[in-house]
Amino acid sequence: MIFDSHSHTKFSADSEMLAADAISRAESLGLGIIFTEHYDYKLPGEVDFTFDAAEYMNEYKKFRSDKVKLGVEIGLRKSARQQNKNFLAQANFDLVIGSIHVVDDMDIYNPAYFANKDKLTAYKKYFDTMIEEITVADFDVLGHIDYICRVAPYENAEIDEENFKSEVDEVLKILIERGKILELNTRRLNNKIAVQGLQWVYKRYKSFGGEFVTIGSDAHTVNAVGANFGVALDFVQKLGLKIFPNP
């Protein structure tokens, strides 16, 4: 069975989706689902993207099965390393996604991150942070390597090989050396330019010995569960990669 390996329900600060509704939607699509609620350690003045691990596990244990898994998406940042480690020790998560949402303690979803920065500067800071954190963090899967492309204000927001090959290569090599998996996030796969822009990244991953990817919609609403999976499956098949968990 193929899983939608990245989804957010009411335990995530930016979602109100109910677990039962997400499960029903996944079942209708012939998918399993992994809930990966946001845990981004909060510094003063920031929005609280945290949740209580025990409460989450206790409330959702009735759903846990071979088709429904309970995971977490950890926001990787230097200032939260110990807090993240402490949090992960509180529960037996089925899958831990590590993601870069914050650079220099600034949420890159905030337009202020890009102020007075050209694309080269903004993206290199993003990848430098990613390289630093995935070298030391506890996680299973690197989430949405192209997260920055969602919000970047530049005419061409894609991760172009010409400018970022060395940074991407280092990320991929670290993942492979540490036995971690690269996610194929389907949020942007309804855009042909985004699909084309990601191909070189996953080809490089494969060439370095990467074997598996997870496929995740990053759903925050019911209709987004399993979104663009047809494109994702075709993408993975053409590159000769395998899906984790194994279908």
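In this structure, α1 gives the largest share of the lining of the largest cavity, namely 3 residues. The model is a predicted one, in which local features need pLDDT of at least 70 and side-chain atom pairs count only at pLDDT 80 or more, while totals for chains, interfaces and linings use all residues. Residues are numbered from 1 along each chain as its sequence is written, and side-chain values use heavy atoms, with hydrogens and water left out.

**The cavity**

- A cavity is a set of points on a 1 Å grid over the protein atoms alone where a 1.4 Å probe fits but cannot get out, and its lining residues have an atom within 4 Å of a point.
- The largest cavity holds about 30 Å³ of space, and its lining consists of I23, A26, E27, L31, G32, I33, K67 and V68.
- At least two residues of this lining come from each of α1 (19-28) and β2 (32-39), where helices (H or I, at least four residues) and strands (E, at least two) are DSSP runs numbered from the N terminus.

**Aromatic rings**

- The whole structure contains 21 aromatic pairs, a pair being rings of Phe, Tyr and Trp (its six-membered ring) whose centres lie within 6.5 Å, with planes under 30 degrees apart counted as stacked, over 60 as edge-to-face and the rest as tilted.
- The F87 and F93 rings are stacked because their centres are 5.7 Å apart and their planes are at 25°.
- Both F87 and F93 are buried, which is to say under 20% relative accessible area (1.4 Å probe, protein chains only).
- Ring pairs also join F87 and F93 into a cluster with other residues, including F11, F35 and Y39.

Notes
Buried means under 20% relative accessible area, exposed over 50%, partly exposed in between (1.4 Å probe, protein chains only). On a 1 Å grid over the protein atoms alone, a cavity is a set of points where a 1.4 Å probe fits but cannot get out, and a pocket is an open set with protein on both sides within 12 Å along at least five of seven lines; lining residues have an atom within 4 Å of a point. Grid points are joined across faces, edges and corners, and a volume is the space filled by probe spheres set on the points.
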